[in-house]
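Have a go at each task before you read its solution.

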Amino acid sequence: MKLKDLLLGTIVGSTPLAAGAAKTDSVSDQKPLIKEVKDKSQPEKDSVTTVDYSDVKISTNDSSVQKQELINHKKGFDNFKKSEYDMLCLVAHFETLKGLVAYEDKASGRWTIGFGNCYKPDGTPVKKGDRIKSKEELLYYFESFVDKYLYPNMDKYLPLHLMSKAEIAVIGSLCYNYGPGILSRKEGGKLKPSVFSEKLTEYFKTHSEESKEYIKTYMRTHNTVKGKPNPALTKRRDLETRIFFGEIVMDNHNELNLENSVNFSEVSLGGVYNFRDRLPSDTAKVIDMLKSSAGRNLNDSIDYAIKHPVPSGAGKVYKKKPYRPRKGVRGR
């Protein structure tokens with residue numbers, strides 16, 4: 001089942017199922033199809049190799065090492081596909097959905113559309129006047145970025161077969177925000193895993209305290225816009241970290257009955273940004289605040305955006321209004 005079919009099914013009221021594999025190229029029985037993908041979401045034009053393991057069969061002629069690698073990659077591919085709906089719910093919650101007509105983002109000054117997309121599925125930048133015309137096209141913007149950029153990079157630099165749905169969704173959300181380039185670095189003209197990727201891999205294999213603290217510090221410090229800490233990103237990183245380490249459990253299919261679980265498809269998009277100051281240290285309070293946050297949830301936001309495609313203030317220059325003291329208020 002494609003991700004867009006899954007979400008559209010929830011809109012019309014059917015029971016959501018685990019996200020299945022998105023549309024992929026056919027794969028021979030002997031070896032996976034390899035295709036080169038240029039990551040156009042990043043300033044540098046580094047190529048990554050993507051492999052679709054959905055239909056790969058393991059041959060008895062393969063060596064034991066080759067067999068284990070294929071088994072791991074097949075499991076990693078399955079893990080990633082199962083996490084896509086959770087990733088969508090998490091990304092949508094953070095990115096929100098302001099409208100289906102391109103608007104100029106206040107923080108970056110870039111033309112943006114849909115769930116914070118600055119690039120179209122064909123890799124060209126979003127520009128003024130661009131418009132998404134349907135729910136299917138909206139989800140295609142998300143799916144294409146995930147399939148072309150997120151999965152190839154996460155498959156190349158992380159042990160997806162060892163990662164949970166929540167861990168994949170959180171790292172996907174982080175890469176969606178900062179770009180998949182955070183998983184790699186250039187050395188001697190070649191791409192190698194970044195220190196962050198190496199620490200993530202160490203954590204998934206050993207769960208050492210040292211790697212855990214590195215990840216927490218990395219997440220906490222990647223909260224800047226134009227070099228300055230951003231309050232909204234600080235809250236986002238805080239919540240992502242809690243989900244990554246299991247303090248808050250995503251329950252986007254209403255399958256669990258846990259006190260620390262949240263269905264992000266039902267809470268208000270961007271609700272975490274409405275919290276004043278910092279998030280409370282008590283995880284239970286965070287969950288209560290999320291569940292009671294006012295505003296439209298994922299499906300309602302999509303329906304509203306279809307009916308009202310132009311976001312309020314789209315394309316306008318935002319100017320801070322001068323402070324004027326209220327009349328009759330003593331001391332002002």
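**Exercise 1. The lining of the largest pocket**

By class, how many nonpolar, polar and charged residues does the lining of the largest pocket have? Please keep in mind throughout that this is a predicted model.

Solution. 
- Step 1: Start with the space itself; the largest pocket holds about 1300 Å³.
- Step 2: Next, collect the residues around that space. The lining is made up of 38 residues, and Glu 95, Asp 105, Ser 108, Gly 116 and Asn 177 are the ones nearest the centre.
- Step 3: Now sort the lining by class, which gives 17 nonpolar, 12 polar and 9 charged residues.
- Step 4: Finally, trace the lining back to secondary structure. Two or more residues each come from H2, helix H3 (135-157), helix H4 (165-178), strand E7 (224-225) and H7. H7 gives the largest share, with 5 residues.

**Exercise 2. H2 against H7**

Work out how helix H2 (residues 64-95) is oriented relative to helix H7 (residues 231-244), and find the residues that make the contact.

Solution. 
- Step 1: Take the axes; those of H2 and H7 come within 11 Å and cross at roughly 160 degrees.
- Step 2: Angles over 145 degrees count as roughly antiparallel, so H2 is roughly antiparallel to H7.
- Step 3: List the partners. H2 contributes Leu 90, His 93, Phe 94 and Glu 95, while H7 contributes Arg 236, Leu 239, Glu 240 and Ile 243.
- Step 4: Classify these residues of the H2 and H7 contact, and you get 4 nonpolar, 1 polar and 3 charged.

**Exercise 3. H2 against H3**

Decide which orientation word describes H2 and H3, then describe their contact by class.

Solution. 
- Step 1: The axes of H2 and H3 come within 11 Å, with a crossing at roughly 140 degrees.
- Step 2: From that angle, H2 and H3 are therefore oblique to each other.
- Step 3: The crossing of H2 past H3 is right-handed.
- Step 4: On the H2 side, the contact uses His 73, Phe 77, Phe 80, Lys 81, Glu 84, Met 87, Leu 88 and Val 91. On the H3 side are Leu 139, Phe 142, Val 146, Asp 147, Leu 150, Tyr 151, Met 154 and Asp 155.
- Step 5: Sorting the contact of H2 with H3 by class gives 11 nonpolar, 1 polar and 4 charged residues.

**Exercise 4. H6 against H7**

Repeat the analysis for helix H6 (residues 209-221) and H7.

Solution. 
- Step 1: Here the axes come within 8 Å and cross at roughly 155 degrees.
- Step 2: That angle makes H6 roughly antiparallel to H7.
- Step 3: H6 and H7 have a right-handed crossing.
- Step 4: From H6, Ile 215, Lys 216 and Met 219 meet Arg 237, Glu 240, Thr 241 and Phe 244 of H7.
- Step 5: The contact of H6 with H7 has 3 nonpolar, 1 polar and 3 charged residues.

**Exercise 5. A loop histidine**

Locate His 161 and identify which residues it touches beyond four places away in sequence.

Solution. 
- Step 1: Find His 161 in the loop between H3 and H4.
- Step 2: Leaving out residues up to four places away in sequence, His 161 touches Asn 72, Lys 75, Gly 76 and Asn 79.

Note on methods
Residues are numbered from 1 along each chain as its sequence is written. This is a predicted model: local features need pLDDT of at least 70, side-chain atom pairs count only at pLDDT 80 or more; totals for chains, interfaces and linings use all residues. Side-chain values use heavy atoms; hydrogens and water are left out. Axes are lines fitted to C-alpha atoms, for helices over the stretch in contact, and angles run from 0 to 180 degrees between N-to-C directions. Helices (H or I, at least four residues) and strands (E, at least two) are DSSP runs, numbered from the N terminus. Angles under 35 degrees count as roughly parallel, over 145 as roughly antiparallel, 65 to 115 as roughly perpendicular and the rest as oblique. Contact means heavy atoms within 4.5 Å. Ala, Val, Leu, Ile, Met, Phe, Trp, Tyr, Cys and Pro count as nonpolar, Asp, Glu, Lys and Arg as charged, and the others, Gly among them, as polar. On a 1 Å grid over the protein atoms alone, a cavity is a set of points where a 1.4 Å probe fits but cannot get out, and a pocket is an open set with protein on both sides within 12 Å along at least five of seven lines; lining residues have an atom within 4 Å of a point. Grid points are joined across faces, edges and corners, and a volume is the space filled by probe spheres set on the points. A crossing is left-handed if the near helix is turned anticlockwise from the far one by less than a right angle, and right-handed if clockwise.
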